[in-house]
Amino acid sequence: MWAWAHFKKEGSFTRISSEDKGPGIVSENLPHLFERYYGVKNTRIRGSGLGPGLYISAEIIKKHKGEFGVKSTLGQGSIFWFTVPP
């Protein structure tokens, strides 16, 4: 349930972000989301979440000298973003 995607120029990089209005992610999980074998367990959502997809995405972005991140608030959703060079 993605609400929007946004593109913004930041110096010589482009920042792409996408926001959802889902249940959000517990703050203790945020530092680990981009680790190789980390998966978030959420009893409100069927199954577990995120798995290797975020790790693989973050590694691709890093190889291109970009950054990858997330900001999330429980009950309000999450914003995932990444930057890429020209």
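The legends below walk through several close-up views of a predicted model. Because this is a prediction, local features need pLDDT of at least 70 and side-chain atom pairs count only at pLDDT 80 or more, while totals for chains, interfaces and linings use all residues. Residues are numbered from 1 along each chain as its sequence is written, and side-chain values use heavy atoms, with hydrogens and water left out.

**View 1. Phe34 meets Phe68 edge-to-face.**
The structure holds two aromatic pairs, where rings of Phe, Tyr and Trp (its six-membered ring) pair if their centres lie within 6.5 Å; planes under 30 degrees apart count as stacked, over 60 as edge-to-face and the rest as tilted. In this pair the centres of Phe34 and Phe68 are 4.9 Å apart and the planes stand at 75 degrees, so the pair is edge-to-face. Phe34 lies in the loop between strand 2 (13–20) and strand 3 (40–41) and Phe68 in strand 5 (residues 68–73), so the contact ties together parts that are 34 residues apart in sequence. Strands here are DSSP runs (E, at least two residues), numbered from the N terminus. Phe34 is buried, with a relative accessible area of 19%; buried means under 20%, exposed over 50%, and partly exposed in between (1.4 Å probe, protein chains only).

**View 2. Phe68 stacks with Phe82.**
Here the ring centres are 6.1 Å apart and the planes lie at 10 degrees, so Phe68 and Phe82 are stacked. Phe68 belongs to strand 5 and Phe82 to strand 6 (residues 77–84), so this pair ties together parts that are 14 residues apart in sequence. Phe82 is partly exposed, at 24% relative accessible area. Ring pairs link Phe34, Phe68 and Phe82 into a cluster.

**View 3**
Two strands pair if DSSP finds at least two bridges between them. Three residues separate strand 5 from strand 6 in a hairpin, and Gly75 in the turn has a positive phi of about 80 degrees.

**View 4. Eight residues form the largest nonpolar core.**
Such a core is a set of buried Ala, Val, Leu, Ile, Met, Phe, Trp, Tyr and Cys residues joined through side-chain atoms within 4.5 Å. Its members are Ile25, Leu30, Leu33, Phe34, Leu54, Ala58, Val70 and Phe80.

Notes
Helix = DSSP H or I, 4+ residues; strand = E, 2+ residues; numbered from the N terminus.
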